[in-house]
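Dear colleague,

Please find the structure below, handed over for your own work.

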Number of protein chains: 2
Amino acid sequence: MTARYTIGIDLGGTNIKGGVCDRRQTLLTRHAIETQAELGCEHVLERMARLVDDLLQQTNLSKAQIAGIGVGAPGPLSHAQGMIYHAPNLPGFVAVPLRDRFAKATGLPVVLENDANAAAYGEFTAGAGKDVRNMVMLTLGTGIGGGIVLDGKLWRGRYDNAGEIGHTVIVPDGRACPCGQRGCLERYASANAIAERLREAVAAGENSVLKPKITANEPFDARDVLQAAEQGDALAARIWDETCYYLALSVVNVRHLLNPELVVFAGGLINAGPRLLDPVKEHLERLSWKIAPDAPRIALATLGTDAGTIGAAALAMS
Amino acid sequence: MTARYTIGIDLGGTNIKGGVCDRRQTLLTRHAIETQAELGCEHVLERMARLVDDLLQQTNLSKAQIAGIGVGAPGPLSHAQGMIYHAPNLPGFVAVPLRDRFAKATGLPVVLENDANAAAYGEFTAGAGKDVRNMVMLTLGTGIGGGIVLDGKLWRGRYDNAGEIGHTVIVPDGRACPCGQRGCLERYASANAIAERLREAVAAGENSVLKPKITANEPFDARDVLQAAEQGDALAARIWDETCYYLALSVVNVRHLLNPELVVFAGGLINAGPRLLDPVKEHLERLSWKIAPDAPRIALATLGTDAGTIGAAALAMS
């Protein structure tokens, strides 16, 4: 019986998602359980092992048929050492040698990868990037994660920290970022930053249909900003457009540094579809050079929340 | 008789430099002749062939002992197709299949490479980067060129146009660049940009010891700006410091995207030595995150004007 399947696990602060893939990166089944992160590291490792058992049951596979497990986890972490240095959303995950401990617990080979890298690799193997060799992905969510695939391989860098596009500086001495820098892309174009920039503009005296919510301290998010923009709210429209402008600037820089044929946007923000993609393309047209025909194609991710699971499974195969 | 040597050629608008290297990238001899670019493409190709003959004579080597020739040339060009698309400093060099024509002229295999890439590869094989696997080089001259070495190989990108760090946008909607974009690094931190920014500040009413030269329309360059800064000229000091600040911002972005262990500065500007390197490092300390110990080392190139020749020769070997 040859091991022709792999398991991908996407370890998040709220849920642990998992799936079984075949050699073609087809997701045969998926399953998710609560992380119960507040119960600590040991407990989360047990939850992950239970998820593996659940997946084997669902698929009627035995461990002997599984070539390995890929785990996408929040970081910073070291792929090479299989170690999570520190995961702010997972209490107790400080200097955890997750790869070796989970391998011991399951009896299977384990690969540990940064969750943004795993998602990028998923889109590369089975999603928006399946027909290219070079791809850069920006995951636009609460923050901005990134992943780089060059010549078919995940580029991790010397310190397993490449692809942190959210922390490239897009505005010199710009908005303060919790990372300690100023002007990071994440502080302008993440879902959180969109809501925050609107809130600040209103606090500074600008008007918006969202002002009553803000005054009443009611929650609102990037979706509300987009909706307000579409209903003619000038401030919301400006902030949404600026977001697309900053994303376009990042694409210009990725283009000149890495010259990939494809840039993929992923994450919650891409639910906006063409309302995100079209203005980004318009800004790009204006912002980037015409002297060489080396513009990357821009596309939206296609795998949704399965990207991390599929990518982790694919990494376990390679 | 095995072919254990290669020839490197650095084709410039004024001079054609050449050298012979052994398998360890030791430069056995070097020679330069005038390009005589104004006499056109055919003539320049003949000059290149003559340089090869000169080098063989100098070293007492026969063509049978030469494994190949590497040519570093201004672009844009295609390494894969061996084609110079357009070299503004070389009249008549439009869509020239240089690799195949020069191979025919010399009877030797030829590799064509972008000159900034060739120089970066030279520093990687035999200079500042000889002990690392991942390196990004910025060549600070009239403009700003770049070269990227990842896992020991030159990263050219999908369209042979990677490493154009000089045209990453460092100031959104900043200074206009001849490339068609705004805010390119090259418009802030190249030798030309330094002199130009000082000239503009004086024209806008600021004072400087260089003002008489500017008023008299006398030429001056980045060296004069540095000298004036050291003599206590406040405007010159500010412009020099801003230059180092913008270079540091670029290093931050290279760090987060590619995570190399080394960033090398090359080109005329590095004659300033620690007066360039120290303030760049100070700005970096302030500008970049401390949450992960993944800062690249910063160093100055060591091969001077030989880097392009050695790099081209090394590329002919690989």
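I begin with a sheet in chain B, where five strands form an open arrangement in the order 3-2-1-4-8 with mixed pairing. Strands here are DSSP runs of E with at least two residues, helices are runs of H or I with at least four residues, and both are numbered from the N terminus. Two strands count as paired if DSSP finds at least two bridges between them. Strand 3 (27-34) and strand 8 (110-114) of chain B each have a single partner strand and stand at the edges, so one side of each is left without a neighbour in the sheet. On average, neighbouring strands of this sheet are turned by 20° against each other, direction ignored.

The model is predicted: local features need pLDDT of at least 70, side-chain atom pairs count only at pLDDT 80 or more, and totals for chains, interfaces and linings use all residues. Residues are numbered from 1 along each chain as its sequence is written, while chains are lettered from A and ligands numbered from 1 in the order in which they are written.

Within the sheet, strand 2 (residues 15-21) of chain B runs antiparallel to strand 3 of chain B, and seven bridges join them. Val20(B) has Thr29(B) in strand 3 of chain B as its bridge partner. Helix 1 (residues 41-59) of chain B lies across strand 1 (5-11), strand 2, strand 3 and strand 4 (66-73) of chain B, at about 145° to strand 3 of chain B. Helix 2 (residues 98-106) of chain B lies across strand 4 and strand 8 of chain B, at about 145° to strand 8 of chain B. For these angles, axes are lines fitted to C-alpha atoms, for helices over the stretch in contact, and the values run from 0 to 180 degrees between N-to-C directions.

Chain A has ten helices and 13 strands. Strand 5 (residues 77-78) and strand 6 (residues 83-86) of chain A are antiparallel and joined by two bridges, with Leu77(A) opposite Ile84(A). These two strands form a hairpin with four residues between them, and Gly82(A) in the turn has a positive phi of about 65°. Strand 6 of chain A also pairs with strand 7 (residues 94-96) of chain A in the antiparallel sense, over two bridges; here His86(A) stands opposite Val94(A).

The domain assignment, an automatic or database one, divides chain A into domain 1 (5-123 + 306-317) and domain 2 (132-301). The C-alpha centres of domain 1 and domain 2 of chain A lie 28 Å apart. Their contact takes eleven residues from domain 1 of chain A and 14 residues from domain 2 of chain A, where contact requires C-beta atoms, placed from the backbone, to lie within 7 Å. Helix 3 (residues 115-126) of chain A supplies the largest share of the domain 1 side, six residues.

The same surface serves both copies, as 100% of the contact residues of chain A recur in chain B. The contact between the chains takes 37 residues from chain A and 37 residues from chain B. Helix 8 (residues 234-258) of chain A gives the most to the chain A side, with six residues.

Methods
Contact = placed C-beta atoms within 7 Å.
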